[in-house]
Structure formats: structure tokens, C-alpha cells
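Let us go through some labels used for this protein. Each answer sets a value against its cut-off.

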Amino acid sequence: MPPKAAPKSKQAQKGKTSRPAGKSGKDGDDMTDMGDTDGDDWMNTKTLVKPDDQLDLNDQELKEEFTRILTANNPHAPQNIVRYSFKERQYKQTSHVDQLAIHFALDGNMLHKESDEAKRQMAKLGIPDSGEVAGSEGGETTPAAGGAPAEGEEGKDETSATQGEEAEPAKEGEQREEAGTPGPGTAAKGEKLTNQFNYSERASQTYNNPYRERGTATEPPPRATFASNVTQWEIADAYHEDFEKQEKSKEKKTIPGRKEEEKTRKKLTITETQGDDISRISKATKIVERMVNQNTYDDIAQDFKYYEDPSDEYRDNEGTMLPLWRFSYEKAKKLAVTSLCWNPMYKDLFAASYGSYDFMKQGSGMILFFSLKNPSFAEYIYETDSGVMCLDVHPEHPYMVAIGFYDGSVGVYNVQKKEPVHRCTAKNGKHTDPVWQVRWQKDDLENNHNFYSVSSDGRIVHWTIIKNELLFEDVITLTLPGAAGEGPDGTKVNTVGCGTAFDFHRKNDYLFLVGTEEGKIHQCSKAYSSQFLDTVDAHNMAVYKVRWNPFHPRIYITCSADWTVKIWEVSSKTTADKSETSSVEAQTKKPLFTFDLNNSVGDVAWAPYSSTVFAAVTADGKMFVYDLNINKYEPLCEQMVAQKKKTKLTHVEFNPKDPIIIVGDDRGNVTSLKISPNLRKMPKEKKGAPPMDPKQKEDNEIAKLDKILSMVREPNEDKK
């Protein structure tokens, strides 16, 4: 440590030079006299130097705080250091990266004060021993080299002359101020003070952990020299022996049914582990999604529930269709909607099949289930390898869906499974042409599920599900009478008609109608497979849809590509009865009503609430709604539904409960519309009368339609 006497001697010297001779000790006290410095210092004003690029900020901007977060991580430290691991014999990324950044480094050395080398250096530099340094720290003045002692004594005598209370703090402050700088006496002699900044040097030694080496000695594996001659037959024998051993081991291990159980268990465990977290919250997320969609489409939901077109009160013979939700799916935008079907149990759920009507653009298909509660995304999605041309939901088991494909096969889907439960192949009755319509029927006497299909190959097939197998039976083959062609060897071959649509009677389920590509309507029975009950030349082009009236047992409607929609009445006498006159036969072959819609009619549907209301869609994007009870000639509503030009409407379907109608087009979109009050007028009930039962309501609808039909029937038909 440097001696502290040097600052005191400087203080004494300063006191001697600053006080003039002949003044008293009190007047010459430099510790309390503030006037001994330059007199002009307090008159000089302090000027602030402002840089040129300094910003001009107001008080609010100056008080604004900007938070800076300092982290101990080095931003320039690499994060992808890879080192070779001898233990694992591969390169591995190091997890710990050194974040220390050295900004300044200075190499030096330190010696112990009591060592011989330190004593020699201190003696050479003239630094006093540690005893003298300790004495100076205790408050005693130690004489330094040269004239330092005399100056210290003189300063001591001068400072002892004043004993005032104000002198002591001033003295201590000046001593503190001058303690860090060497005195002039020491500077003159060239002494070097190592502790100029009141710095004490300390050193410590750290303990370095010794390295430990571990080693293991292993015995080399035993080696043996083997030599042999190899030929082709020896190799073949060795392979045969090994193959026989493998077969024997398989026979011992395999137990019938054990492998399948293990596979199913593995699949179940995989699916459980993957979907366990999602399945726990699937129901809650579905509810939240529906709530979000209800808020998003709140205005549409309010229109669906409460809005009734007020303009209907001022017009009697016109109605409107209010567009509601629009259902679409990204992967199905290039496909056409080939069929629509409402779920019989859940009235807000409907199924839509997707395929292509273009022969040159065939590919995959889709089946989508949409709900009115969630219009933004489909509830269930099923992708198929072939285009889906038709579907039908089972009326009693809504989880079962019958499907008809473009490749001629039919299948049955379970909503809970992604793959079809049943699907026919070429071995078990597959159609050779596209299947245009499928329809579920009541279970047979053995309670087996069954459905029917119609295809362009002229076959109407009855499919039955028995013990997880799909069995088929041809009901009838559509032949063209009088149009037999000649084969290569001169034999006559009956040409087959192309079935495009069919529909079963509501009450007499053995009776059904078939529409063909030649424009004919065949009345058939399940009991007769050789001939038709009746045939009508209904249209000039292909029949796209035929439907029985939901109330009247003898009325049905057809639509075709020849731009017309026709309403027919089934004759009580069939063509098989030869005793009937030709006039009656001719009468049955004329439609009751014919409507020209100026474009190809893709689909037609009866309304479930009235026997006189039906809707039809055309290829130019329009939808027509008729009510025969109000106007027998013009539609009550003719509205453009398609949003883009050249969009064809393919199918239409009424909701069985709500006043909603859905329309599909050839761009994969399904549009829902609300029917205005003028399009769903019901007969007014008498005040105080009990509500009508379904049977009475059905009788009223039949009577209403019969009243209209009596105006268009010919007199001889009425007599009959």
C-alpha cells in the first residue's frame, strides 16, 4: 500500500503558500476561507454545448420510457455446433453453448508480498515495508524520502492553530480529495505509487478436478477357419431345408384367429393413443364450432327462423325463394352434385353425393353430410375411387346409406366407418353401366335389409344384405319391344333399354315406375319379371326423374331433357288386359299437365306439405315452383339460383319438416332457400275445431288434387 503521509505534506505545503505573511491564524485558515481561490470563477457562466444531431424533444417525450431487456445469451453464439460422440459413434448436436463474450483481456502476473522476488522489487522501487504502511493507515504520519517530514511537521503546526468546529470537516474533505493523487515531493523523486486509485489486489486459487480414466479389457471373440466347396444343388438343398423349418415354425406359432385379434388390438391401441386426446374434447369442440357459426351466420339464422316475406300479403299468385346458407367443400368444387337426400331422423342433416356426368372427365367421387347447424364445414366426409351417382339414406336406420357408383357397383356405407361395409364386384352382380338411382325398401320377412338399383345396362337389381354378404337378384330387364337387332350369325338379339330413374309406390310397395333414356315410363311389379304392367311414351328424350305423388296414389310426375315436366295418372287397367278398348288405352297415354320450362329439366320434386305443389330445376340455373291449386299454367316462382353463368342445376329436394328447399349444381355447391308463405298455403282450419289427424289431412289433399284433375280429365274418363 502507498504511504498516506504524502497527501498531508501536500496539504501543509498548500496552506503555507496560500496564506500571506503577517496575518493571524484565524484569518489565514484555508479550510474555512472560500476566497483564497480565483475570484473570477463564480462570475464565469456555464454554457451547454449541444450537438448538431441532437433531437428536440418535449417534456412528454423525454418522460417516455423505453424498456430494454438484457439477457445473458450471446446473440452471435452458434446454436448448431455438432461434435462427434465416441460413445454413440455418431455426430450429435451439443445442447450447451458457451454464452460468454470477452470484450477486453489483459495478461499480467501477481507475486506474494512476503516472497523474496516481491521484496527485491519493492526495495528496487523504494516502496516501504508492510509495517510502515500499516502505521500510516492507523493515523500516524511516516516520514517519506527527501523533505517530506519537514513539510508534514510544518503543516501539522499550522493546522493545530485553529481548533474551530468548522475546520475539521473541511480538513477531512480535503484529505479525502487529495488522498488519491501523489504529492509533489514524491512525484519529484520519481516514486511510483501502485495504489493510485485506492485499489487492493487479491488473488484466489481454484481447485481443478482431477481427470479420471476408465478402461475395460475384453477378450477377442473366438475365431474358426471354415472352408467348403459350394455347388448349385447344395445351395438349393439349403434353401429348401430353411424353407421347411420356417413353415414348421409358422404352423406351431399360428393359431386360427389369433393373428387377426392381435392386428385389431394393435390398430385399436394406435387409434386410441392418437385420438384419445381429441376424442375427449370432440363433442365440446363441435358445440363451440356450431356456436361460432351461429354467431357468424346470425342474420341468416334469424331469417330462417322468423322471416316471412311481407310482400306476399299484397300479391296472391306470386312467391319468392329467400337464399339462406350455401354449402360447399374445397375438394368437391370440380364435381357435380349427383343426388340429395334428407336424413329421416335428423331433419337438419342431409347427404349429398358428388360425381361427374361427363363421360370424358371421370375420376374420384365424394359423399358429404351437411348440417344446417354448421354450414361452414361438412359433418362427415367420405372419398371414393369412383364417381358417386346416387345415394339413399335408410328410412329406419339413418346411419346406413346405399350408394351407386359410376363404374356400375353399388355399396352400403355405415356413417361411423370411412370405408364401405358392403360393395359388389363383377363376381356378384355388378352393373356394367353407371347406377343412376338406388332406393331402400322395407325389410323382408327374415328382417334382412334390402334395396333396389337401376342402371343404363337395363337391369333392375334387388340387393339383400345377409350375414355380411351382399346378394343380388335381377327383378326385371328393360327391353325394347319390336327393336330386335341381328347378331353376327344372323340371330336376333333383343336390344336393352337404359334405365335412368325409378320410384316405388308409397302404399303398394310392389308397384314401381321406371324411366328410361328412350323417354318411356314403364309401370312394373316386383312379382312380374317378364313383362311390364304398362308402358307410356312420356318424353322425346331421356327421363331424368319420376316421382309418385306423396298423397294421391295414382298421380306421378316426370321430367326430361326435352324441356318438359309432365303429370300423369296411372290407369286402373293395364296393357296386359286385351279386352279393354283402344280409347281407354289411348287416354292413359296422355299427360294431365305439361309444362315447358325452356331448358333441360334436371330434377323435379313434390312438396311434402301439399299435393299440388312441386319444384323443378333447369340447366340454365333457374328454379320453378308450381301450385296447381292457385295457377295451373304458370309458375308462382321463377328464380335464378345459380350465382355464376353456365351453371347447371342438377337436383332439388324439399325438407320434410321445415319450409326449406336445397338445390345442387354442377360446380359442387348446395344452396338452401326458404319458401315464402304464398308457396306453402295450407287450407284454413275452422276456429275451435280440433287439429286434423294425418289420415284426414291426406284425404283433404287427395280431394283437392282430384278437384283440379276433374277439370282436365275427359268426360269418358270421369264416367269410368
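Q: Leaving aside neighbours within four places in sequence, which residues is Asp 503 in contact with?
A: The model is a predicted one. In it, Asp 503 is in contact with Arg 439, Leu 511, Phe 512, Leu 513, Val 546, Arg 547 and Trp 548.

Q: What joins the side chains of Asp 503 and Arg 439?
A: A polar contact of 2.8 Å joins them. The cut-off is 3.5 Å, and 2.8 Å is within it.

Q: Where does Asp 503 lie?
A: Asp 503 lies in strand E18, residues 499-504.

Q: Where does His 394 lie?
A: His 394 sits in the loop between strand E8 (388-393) and strand E9 (400-405).

Q: What makes His 394 count as buried or exposed?
A: Its relative accessibility is 1%. The limit for buried is under 20%, so His 394 is buried.

Q: Which residues is His 394 in contact with, leaving aside its neighbours within four places in sequence?
A: They are Pro 344, Met 400, Trp 440, Gln 441, Asp 443 and His 449.

Q: Which backbone atom lies 3.2 Å from a polar atom of the His 394 side chain?
A: The backbone nitrogen of His 397 does.

Q: How many disulfides are counted?
A: The count is zero. A pair of cysteine sulfur atoms must lie within 2.5 Å to count.

Methods
Residues numbered from 1 in each chain as written. Predicted model: local features only at pLDDT ≥ 70, side-chain atom pairs only at ≥ 80, totals over all residues. Heavy atoms only, no water. Helix = DSSP H or I, 4+ residues; strand = E, 2+ residues; numbered from the N terminus. Polar contact = N/O pair within 3.5 Å; in protein donor to acceptor, adjacent residues only side chain to side chain. Contact = heavy atoms within 4.5 Å. Buried < 20%, exposed > 50% of the residue type's maximum accessible area, 1.4 Å probe, protein only.
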